[in-house]
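I opened the model to look things up and kept these notes as I went.

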Amino acid sequence: MKNLNRYGYFFIAPFWLVFLVFSIYPVALTFYYSFTNYTGSGEAQLVGLANYKRLLTDTYFVEAFFNTWKIWGVNFALQMGLALILAMIFSDMRVKLKGIAFFRAIFYLPNLITISSVALLFGILLDWQHGSLNMMLMKLGIISDPINWLNEPTSAQLSISLILTWMWFGHSFIVVMAGVSGISKDYYEAALIDGANRWQTFSKITIPLLKPILLYIMITSLIGGLQLFDLPMLLTDGIGSPDGSLNTMVLYLYNQAFKYNNYGYAAAVAYGLFVITLIFSAFIFKGMYGKERKQPRQV
Amino acid sequence: MIGKTAVDNSLSNSVQKKSVIETKPKRKISIPKLLIYAVLIAMAIICFIPFLMMLVNATRSNEAILSGFTLLPGSAIVENYQTMMSYINIWAGFKNSLIISVLVTLLSGYFSALTAYGFAFYVFKGKNAMFVFMLVMMMVPGQLGLIGFYELCKNLGILDTYIPLIIPAAASPFVVFFLRQYILTTLHPSLIEAARIDGASEFKIFHTIAIPIMMPAIATMSIFTFIGSWNNYIMPLVVLFSPEKFTLPVLMGFLKGSQVAQNLGSMYLGIAISVVPIMIAFLFLSKYIVNSISAGSIKE
């Protein structure tokens, strides 16, 4: 039979054509611009490492870095906490709750909604004077004066964290439950016979066996969190108000490029963001798997 | 196959659970169990209440919304609709988003299957290096190339068109990766050999044998591709300028800066129109979507 392997190239050619033009070339071009003072028109002049030097001393970028972390960190702690508690409740052999499909669906629903619609919705729900949230809380007697949620740095950041939690805890819950259903029931039965309580079962069996799944959630959430853009862009004025507290790294990138026409510098911001993502992903990997290797020696 | 087994596992688990529940005699519901249900229902209400406020306020006039809070619907939905439509045409945004998302889903599904098949069943020079390179590029966040992408589109003269939003979908590394893993475990090479002996051409084998076998995996990925494209905000925001070409998410941002924002009832209605169709779709697809998420994460 004649050799048909050359057909392999025909099958992968369209992919590579599009991939080279629309993915790899833009990434390379951005890298080139990060060494120039390009402003979107005219000639780009090479300026060496000037953009990267500026990046390291740019207080707005540093501020954006910490804002992004604060918003993501609070959200991740809440989201993961909720997801794990729910998983613990629903996987408990002694309680046997019904209606998991219903709760899963309701908890997951906010995740599907277009983020810009979510941002708009919360923008008016959280409004100081006319927002339904303040009106409801006052009617219920929980607060006596309206809270200006989006006008004070801490409460604005907390608002975004909570919206993100609302959007993502259901997703994390589904993924954790998928991991839990993959754990052999024998472990739980053995624990039950040995008289382990709920917390012991959860912390000594469920959590260690879920490590790969937890790592997956953490890394995908981190990568998504570091790219936070839609919510801060649409909740307030689009440049990070109040007081620069909603200025996230990608929002800064977008504004530098498409608002102030600092394409060269924005390109350096993009690469800064990329390096940060790489470093922290590596840290998570090491933190999760570094410990695992030590464990046998302790036993 | 790996994805499929995960779904099968969860199915068989639920079957097991059911049989356990049925064989045991019914006990009285304990107080802690009631408490847990109460907390869960409270959480479900918190999850849903922003949507409820949205739906209720969409039917109330601006004055009614400003004067106080209620969960009883009003009667101003027609006025709200007319006010909104006099400033923006939300259905145009809907149509634009639909056209783009459907084409993106089709392109991504077909070309990813094609590429996955090429990687899985042929031996050629540089194959492994190309595959590894693709995996590495998969880790690169989309924003990294944003500025270069904009410049490229400007130089090609395709800014303010749908080309930059649709064509790149033909190269979706993650979908290729997922489909390759799937077809390697579901399609046996002997089936391809048999078809070759029968005289089928390589592309005919792909279209008549490989594609049908890959269909469940393509469907799984298509859901996420479609949702991702439908919700994408930053790309159309950067690429499109003409309001009549805006996708729904960009139109939502446009709505915020327009005069409609003065009329809260119309704002709520606009948001509701962008949200409700997704909710209805989810009502029918929720089980399938949940299983797809489970399968996708187990495979990682």
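Predicted model: local features only at pLDDT ≥ 70, side-chain atom pairs only at ≥ 80, totals over all residues.

**An aspartate in a loop of chain A**

Asp243(A) sits in the loop between α11 and α12 of chain A. Its phi is positive, about 60°, although Asp243(A) is not a glycine. I noted the background: most residues other than glycine have a negative phi, and most peptide bonds are trans.

I found a cis peptide bond joining Ser241(A) and Pro242(A), with omega about -5°. Pro242(A) is placed in the loop between α11 (230–235) and α12 of chain A.

**Helix α12 of chain A and what follows**

I then moved on to α12(A), residues 249–259. This helix is mostly covered, with 8 of its 11 residues buried. Among the buried ones I listed Met249(A), Val250(A), Leu251(A), Tyr252(A) and Leu253(A). Tyr254(A), Gln256(A) and Ala257(A) are buried too.

Just after α12(A) comes Asn261(A), with a positive phi of about 60°. I placed Asn261(A) in the loop between α12 and α13 (263–298) of chain A. Is Asn261(A) buried or partly exposed? I counted 14 other C-beta atoms within 10 Å, and Asn261(A) is therefore partly exposed.

**Where the chains touch**

Next I checked the interface. In the model, 75 residues of chain A are in contact with 75 residues of chain B. Helix α1 (residues 7–33) of chain A gives the most to chain A's side, with 18 residues. By class, that side of chain A has 55 nonpolar, 15 polar and 5 charged residues.

I followed α1(A) to one partner, helix α7 (residues 146–156) of chain B.

From α1(A), the residues meeting α7(B) include Tyr25(A), Pro26(A), Val27(A) and Tyr33(A). On the α7(B) side I noted Ile147(B), Gly148(B), Phe149(B), Glu151(B) and Leu152(B). The contact of α1(A) with α7(B) has 9 nonpolar, 2 polar and 1 charged residues.

**Chain B as a whole**

I counted 14 helices and 0 strands in chain B. Of the 300 residues in chain B, 39% are buried. I also looked at contacts in chain B between residues at least 6 apart in sequence: 77% of these join residues at least 24 apart.

Last, I compared the model with the record. The unreviewed UniProt entry places the feature "transmembrane region" at several spans of chain B, including 34–56, 98–124 and 131–150. I checked two of these spans. Residues 34–56 of chain B are 100% helix and 0% strand, with the end C-alpha atoms 30 Å apart. Residues 98–124 of chain B are 89% helix and 0% strand, and the end C-alpha atoms lie 39 Å apart.

Note on methods. Residues numbered from 1 in each chain as written. Chains lettered and ligands numbered in written order. Contact = placed C-beta atoms within 7 Å. Helix = DSSP H or I, 4+ residues; strand = E, 2+ residues; numbered from the N terminus. Nonpolar A, V, L, I, M, F, W, Y, C, P; charged D, E, K, R; others polar. Buried ≥ 20, exposed ≤ 12 C-beta atoms within 10 Å, placed from the backbone. UniProt positions renumbered as here; feature names shortened; annotations may be inferred.
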